[in-house]
Amino acid sequence: MTDIVDHPDTQVARSAAPPEVQGVGQRRRRFDALGRVRGTIRYTGDETPPRGTLHAAVHRSTMPHARILSVDTDEAAAVSGVFSVVTGRDLHELFGDRIYTGPAFADQPCLAVDKTRYVGEPVAAVLASDRAVAQAAADLIAVEYEELPAVHDVRAALEGSAFVHDELRPSSVFADLAHLGGVRDTNIAYEYRQVLGDVAMEADAATTTVSATTWAPPTHHVPIELPSTTAWVEGGRLEMLSTTQTPSYCRQTISDLLAIPLSQVRITTRPLGGSFGSKMYDRLEPLTAALAWSTGKPVRFDVTREEAFLLTTRHGCEVVASMSADANGDIVAVTSDVRYDTGAFADVGPRIAAKSGLIAAGPYNVRSVDVVSRCIYTNKVSAGPFRGFGVPQITWSHETLIDELARELGEDPYRFRRRHLLREGDVASVGTPMHSADFVTSIDSVADAIGWDDPTPSGDGRWIHGKGIAVGIKAVLTPTIANATLNLNQDGSATLLISTVDMGQGSDTIMAQIVGEVLRIDSRRVHVVPADTDATPYDTITAGSRSTYHTGNAVRLVAEAMRTKLLGFAAEQLEVAADELQLGADGIRHVPTDKTLTVPDVVRTKYGARGATVTTAENFTSWWHPYDKGTGRSEKVTEHWFAGAVAVRIAVDTRTGRIHTHHLAVAGDVGKAINPALVEQQLTGSAIMGLGHTLFDQLVLDNGQMINATLLDYQLPSIKDVPDRLTPIIVESAHRDGPFGAKGVGETGILPIAPAYANALRDACDVRVTQLPLTPERVLHHLDAREAR
């Protein structure tokens, strides 16, 4: 499909046959698809830095927990090409405690000051003429440590024999955490509780109870594009180009760090080559900004693939839980003790503990619930947001329990789930009613897709077959803010300004489609400006699959405001009432007389000039009721729910333990598919990422030292590991407040993948595995244990 170009022949063709509106519901190809495939898109790392840019490299701690006694930088400073060497103490003398940043707690220094809290923490930075020189010099830095007791797992952290931080220091970003300021002698950064009914009484009266301790290890995001940040001072302002999905947040962080007004900070982005949460909040930006501001020199900080492993991870999570049913098979009690390993710094862990803990009972009607979900410090690489925001780890638990409960009761796991699933209007255990969360259609669709009731192959003795199913639920990040500005050009094209960052999910394309739908123009004529805090308006964050709903609503509102403005212009020019006018693909039509004015003519007549623009701006802000402090319940805890299901047919090689996927079906309720092709791609991509977490992905640490932090050792799924057949299924249960009924989908598919596979393994081999990943070694171990029994 070629782009539309403006020339006389095209204009004639348009007047004779208006182009098809590439709007809502259409399978428009992503505007940047060819560029991403061919490598012609310019990413942040492709941009030429300002002249005279210094390159940064850091010396990293070799101790998981230690007091810094001295840092010897003399040999590094003497290397030819080195401009300066900076320690954490140097930065603290310049900026004070402002060097401690973080979205939840101000606990993460640009460079370690007095203590190191994980192996790989930056201790000193070198600025040099090129990166190779900087890294060589950084390797010459010598640090003397006094080793301190380290905390390597959540169980040890809860024992409280050693503490990662002396006290809790809430940041100014999450105001609801302010009451934790000054709390000492704890590794628990945050605790969420949910209580419904009387669990003890219900569990005692139950006829069947199952329990499990599940473990999901930390994993790495592995985006193709590596993080990169360049900062420089120009005209007294700090300018920054960075691989960030949170430009508005970074702007505020840098403003606070440097103690300068927001107007003196500019953050710009380019399209991201993947992120999955790895480029959120505080990564390279604070240190790069501090170095550029303090030296007055442009500074560029690129990290290697190995260093990227040390920036952030997915939370490792242990869940100790139980589920009970009465004689009728109704679920009467759920208990869940959720322990998120947040590593050395809280990052967004408190939000993950709450947002994931609130759905620990799963998407089911449950009579009583007792949940505790904690964000826990350890001396490891800091964990942060990852696709699913902690919910896959919780889903791993509740979908293991309900599957085992169904088997204990002698019921079909699919139909047992279906009977208990929440329906429209039902109230979840957290206290919020369900709306636009069609779990029933989702589970029916995947069960039908894989032929759930078809006979399972008997196998050949070596290969045995099984089927599994699981359901996922997640709350969208609430409350958040999205703004949009729209410029309509005199030629009928449009320029949309938003701060949502396109990371490959296709957000720029669907936002253009929303504009095209409202204004009845070809969405390929809508240009979306990359995030730039000097031009694009504030947006809370690009994460959590919130953009389609939140930014999409802001875009819908700004396009509707533009439509109203254009109809007003035409009403003035035709001397008629605006409600007699209708905007269509061929222009603005006066319905009673059928007289039509083209949009370019209306704008030109209004302003008397070619090339004029019309501007509108709108805001969309979601709202919630905060949790009750005693019960953890809320009548509106989220703006909308994500609902999805996965069903899978597998074969297990009993000689090697290898799992082969015959058919994987993944369904997600998207409210309304703005672009069905992109929705299917999101469901497929998230399912394959979830497959990696299920079968391969895990970060292995030994006393705090990461031992597989290279792509030679960190195993990822290859093309040979994808299912023989993968079926993405779109479910549409329109949301009353979504843009055209739409909501997000980027995380939906990943939520139930792991338990669906483990449930299929249980079906095939009669073994229940509760630790991820399902490696061949782990499968064989359980098969051997089964034989021993």
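This report walks through some helices, strands, rings and loops of the structure above.

Bear in mind that this is a predicted model, in which local features need pLDDT of at least 70, side-chain atom pairs count only at pLDDT 80 or more, and totals for chains, interfaces and linings use all residues. Residues are numbered from 1 along each chain as its sequence is written, and side-chain values use heavy atoms, with hydrogens and water left out.

Helices here are DSSP runs of H or I with at least four residues, strands are runs of E with at least two, and both are numbered from the N terminus. Let's start with helix α5 (residues 131-138), where Val 133, Ala 134, Ala 137 and Ala 138 are buried. Buried means under 20% relative accessible area, exposed means over 50%, and partly exposed is in between (1.4 Å probe, protein chains only). As a reminder, an α-helix has 3.6 residues a turn, so residues three or four places apart point the same way.

What do the buried residues of α5 pack against? Their partners are β1 (54-60), α3 (74-77), β3 (82-87) and β7 (122-128), with contact meaning heavy atoms within 4.5 Å. At the start of α5, a side-chain oxygen of Asp 130 comes within 3.0 Å of the backbone nitrogen of Ala 132. A polar contact is a pair of N or O atoms within 3.5 Å; within protein, one must be able to donate a hydrogen and the other to accept it, and residues adjacent in sequence count only if both atoms are side-chain atoms.

Now for helix α13 (residues 413-420), whose buried residues are Pro 413, Tyr 414, Phe 416, Arg 417 and His 420. They span an arc of only 165° around the axis, which puts them on the same side of α13. They pack against β16 (331-343), α12 (391-408), α14 (439-449), β18 (463-475) and α19 (753-765). At the start of α13, a side-chain oxygen of Asp 412 reaches to within 3.0 Å of the backbone nitrogen of Tyr 414.

**Strands**

Strands of a sheet pair through backbone hydrogen bonds, either parallel or antiparallel. For a pair to count, DSSP has to find at least two bridges between the strands.

Strand β2 (residues 66-72) is joined to β6 by two bridges, and Arg 67 has Lys 115 in β6 as its bridge partner.

How many of the six residues of strand β12 (residues 237-242) are buried? Five are, so β12 is largely enclosed by the rest of the structure. Strand β11 (residues 228-234) pairs with β12 in the antiparallel sense over six bridges, and Val 233 has Leu 238 as its bridge partner in β12. The two strands form a hairpin with two residues between them, and Gly 235 in the turn has a positive phi of about 60°. β12 also runs parallel to strand β13 (residues 265-268), joined by four bridges, with Leu 241 opposite Thr 268 in β13.

**Rings and charges**

A search of the whole structure turns up eight aromatic pairs. One of them is Trp 624 with Tyr 627, an edge-to-face pair at 5.2 Å centre to centre and 90° between the planes. Rings of Phe, Tyr and Trp (its six-membered ring) pair if their centres lie within 6.5 Å; planes under 30 degrees apart count as stacked, over 60 as edge-to-face and the rest as tilted. Trp 624 is partly exposed at 23% relative accessibility, whereas Tyr 627 is buried at 16%. Together with Tyr 192, these two form one aromatic cluster.

Two charged residues sit over rings, as tabulated here; the criterion is NZ of Lys or CZ of Arg within 6 Å of the ring centre and within 35 degrees of the ring normal.

| Charged residue | Ring | Distance to ring centre |
|---|---|---|
| Arg 169 | Tyr 100 | 4.4 Å |
| Lys 636 | Trp 623 | 3.6 Å |

**Loops to look at**

The peptide bond from Thr 478 to Pro 479 is cis, with omega near 0°, and Pro 479 sits in the loop between β18 and β19 (481-489). Another cis bond joins Leu 772 and Pro 773, with omega about -5°.

Terms used. Arc of directions from axis to C-beta.
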